[in-house]
Amino acid sequence: MNMKSLALATSLLAFGLGAANSAQAAVSYEDLTNDNSSPTLENSQFLGDLDINESVNLFGVRGSVNVFGVQVNDDDRADFYSFTAGAGQLLTIEVHTPDGPQLNDDPIVGLFSDDGTLLEFADNGGAGYDSLLTWTTPAFGTYFVAVSGHGDSGFNSGDGDTDFFYNLTVSSTALVPVPAAISLFAPGLLGLAAFARKRRA
């Protein structure tokens, strides 16, 4: 781990963020030695291959934050991350901030296709000012997640809310096909029908 990432890790642990979702996924950190804010997505930080029932749990920073004497610096542009996922995976993407409404930390998150098309956007949806979105992948491919602050809905201006730590989680589950979902409920419905007939008898 490089010195900047070590500073980020130290600050986040001091801030009490390290426990979030750590049981479901390995914890990683934004690589602050590389610029992952390119709007062309080419410099995005790769998070790996996301299989069904797997999660990615990453801690990053926007702007400059000082915690207990540890100074962590990044720019104010959106941070981009990439991962691969298969077809029919239900993605749940959340950006959590430690203080949210208390310090007006207001993140936003966007999901992009491999050609740079914005597929989904969320300003809120989670607790406090946290951002939460869901998306079902139509095909196997590389997807990109962008984290920025309120006011930068285009993820390219650098004018959004800034100067806060964040926890990005990306998780994947399998969709239940409609016939399978019906088969799960069918026995219960038959049981209710039989019970109703018995009561009328």
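These legends accompany close-up views of a predicted model. Local features need pLDDT of at least 70 and side-chain atom pairs count only at pLDDT 80 or more, while totals for chains, interfaces and linings use all residues. Residues are numbered from 1 along each chain as its sequence is written, and side-chain values use heavy atoms, with hydrogens and water left out.

**View 1. The largest nonpolar core has 21 residues.** A nonpolar core is a set of buried Ala, Val, Leu, Ile, Met, Phe, Trp, Tyr and Cys residues joined through side-chain atoms within 4.5 Å. Buried means under 20% relative accessible area (1.4 Å probe, protein chains only). Phe 83, Ile 93, Leu 111, Val 145, Tyr 166, Leu 168 and Val 170 touch the most other members. Strands (DSSP E runs of at least two residues, numbered from the N terminus) that each supply at least two core residues include β2 (45-50), β8 (107-112) and β12 (164-174). β12 gives the largest share, four residues.

**View 2. Contacts of Leu 168.** Contact means heavy atoms within 4.5 Å. Not counting residues up to four places away in sequence, Leu 168 touches Val 56, Asn 57, Leu 58, Tyr 81, Ile 93, Glu 94, Val 95, Val 145 and Val 147.

**View 3. Strand β8, buried on both faces.** Six of its six residues are buried, so β8 is largely enclosed by the rest of the structure. Pro 107, Val 109 and Leu 111 lie on one side; Ile 108, Gly 110 and Phe 112 lie on the other.

**View 4. Partners of β8.** Strands pair if DSSP finds at least two bridges between them. Six bridges join β8 to antiparallel β11. Four join β8 to β9 (residues 118-122), also antiparallel. Val 109 stands opposite Val 147 in β11 and opposite Ala 122 in β9.

How values were computed
Buried < 20%, exposed > 50% of the residue type's maximum accessible area, 1.4 Å probe, protein only.
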